[in-house]
2 protein chains.
Amino acid sequence: MFTAQPIGYIRSPYKETSAIPKGLGAKHEAEGVIELLREFEAGLKDIEGFTHLIVLWEFDRADGFDLIAHPPTDAKRPHGVFATRSPRRPNPIGLTVVELLGRNGAALHVRGIDMLDGTPVLDIKPYLSSIPIEKIKRGWLAEAEKAGSRE
Amino acid sequence: MFTAQPIGYIRSPYKETSAIPKGLGAKHEAEGVIELLREFEAGLKDIEGFTHLIVLWEFDRADGFDLIAHPPTDAKRPHGVFATRSPRRPNPIGLTVVELLGRNGAALHVRGIDMLDGTPVLDIKPYLSSIPIEKIKRGWLAEAEKAGSRE
């Protein structure tokens, strides 16, 4: 296996976990910057053509993992960690889809940030295709949303 | 930073890279199995409720990386590695969205496999939302598809 290395860092308005919108209906509209290290800048060639990017990053402030998670969207019912976006995962890799607003050299200005300021970035991939929304079932999360809207 | 660890392995019909459909219009309909290690099985609780999963895995047969990639979909024009799905990335992490067909203990039967047999799995996350297709621009890839359809 490999040892993860940062290719850059996130500049985000969120300085601590409690500031990040969480739970049902949380909107991630925050803007921020993906600052790539200069040595990786050449890897961004032609990225401007994509409107959306998948960013993989490290949950660098999570310590260890749990197989059972208690997500804020469904506090009363625990779920397996792989059925959640919990930070406490065997491999502490986070995934965020962001909208690319512009590029300035090694800096990508993006919308949809939900990472903490200073988060190490592991990879950037173009977001290529969508599964039609009517084909997606979201298990416990859809149930929690339904229950929440009745309260 | 962390050292990646396998949480399981892919059972795939593809035994070598050349067998995986590539290039424009490649369809990934192959079925396979994500075999989680027993010690991680508890992390799958409630995963059956999701139709689609994001699988993160290791390009374990890629050796090193290039900042400029030559994807098979656009062989004449090089692109930055972060604007492609090339296996030769600074962090050799692959991403595949699969459809969950069924679960048997620690084994997830899925459709949409594009990994080699024996590929180490790093993480599984629920696929939650879709960006409407009309909002997505796919840069050089859309251009290559257009050019390809004229040939």
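D117(B) lies in the loop that joins β7 (107–111) and β8 (120–126) of chain B; strands (E, at least two residues) and helices (H or I, at least four) are DSSP runs numbered from the N terminus. The model is predicted, with local features needing pLDDT of at least 70 and side-chain atom pairs pLDDT 80 or more, while totals for chains, interfaces and linings use all residues. Residues are numbered from 1 along each chain as its sequence is written, chains are lettered from A in the order written, and side-chain values use heavy atoms, without hydrogens and water.

Beyond its neighbours within four places in sequence, D117(B) is in contact (heavy atoms within 4.5 Å) with residues including I10(B), Y14(B) and R61(B). Its C-alpha atom is 30 Å from that of W140(B), 23 residues away along the chain.

In the interface, 61 residues of chain B touch 61 residues of chain A. The buried area (accessible area, 1.4 Å probe, lost on being put together and summed over both parts) is about 5800 Å², with 65% from carbon and sulfur atoms. On the side of chain B, M1(B), F2(B) and F82(B) lose the most area, together 14% of what that side buries.

Two salt bridges (Lys or Arg side-chain nitrogen within 4 Å of an Asp or Glu carboxyl oxygen) are counted between the chains. One of the salt bridges pairs D123(A) with R89(B), with the closest N and O atoms 2.7 Å apart. The largest share of the chain B side, six residues, comes from β8(B).

Definitions and conventions
Buried area is the accessible area (1.4 Å probe) that two parts lose on being put together, summed over both.
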